[in-house]
Amino acid sequence: AFAYNIRNAIQGTYPAYTINYANALVARGLLAPALNPVASSTVAGTILFTWANNISELNANPTDLALIAVYNPAKNQAVYLGNTSTRVDGTQSVTVPNSFTGDHVQCYIAFITEDGTVISNSTYAGAITVA
């Protein structure tokens, strides 16, 4: 993922580099990625991730586990959540620190097989403001 991010997510010229968060990967692998992921926050300190069930695609399995990443650039902090919801669940709620309230965060989702041997590329679920 590091080599990919250097080529695709880092923009600008020295010393004014920026990150294109929509192009960044936090996971990279061969498993089918999330389909149509969306992140939203309407409840204080909570981010809701939703995605479409795509078990009919490639090597997607109903038992694949969601891996969630939320990055807060203003605080240079990340929250990770894994092994909770399955691909067919289509939703996962993530609690973030109260200090994230009002901050603009970057949201990503990936999947990993139940046995932990194969992972998907992460998919960008959007930039949102935490309620």
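## Basis

This is a predicted model, in which local features need pLDDT of at least 70, side-chain atom pairs count only at pLDDT 80 or more, and totals for chains, interfaces and linings use all residues. Residues are numbered from 1 along each chain as its sequence is written, and side-chain values use heavy atoms, with hydrogens and water left out.

## Salt bridges

There are 2 salt bridges in the structure (a side-chain nitrogen of Lys or Arg within 4 Å of a carboxyl oxygen of Asp or Glu). In one of them, Arg-87 pairs with Asp-64, with the closest N and O atoms 2.9 Å apart. Arg-87 is in the loop between β6 and β7 (91–95) and Asp-64 in the loop between β4 (46–52) and β5, so the pair ties together parts 23 residues apart in sequence. Strands are DSSP runs (E, at least two residues), numbered from the N terminus. Arg-87 is buried at 0% relative accessibility, and Asp-64 is buried with a relative accessible area of 0% (buried is under 20%, exposed over 50%, partly exposed in between; 1.4 Å probe, protein chains only).

Lys-75 forms a salt bridge with Asp-103, the closest N and O atoms being 2.5 Å apart. Lys-75 counts as partly exposed at 32% relative accessibility, whereas Asp-103 counts as buried at 14%.

How values were computed: Helix = DSSP H or I, 4+ residues; strand = E, 2+ residues; numbered from the N terminus.
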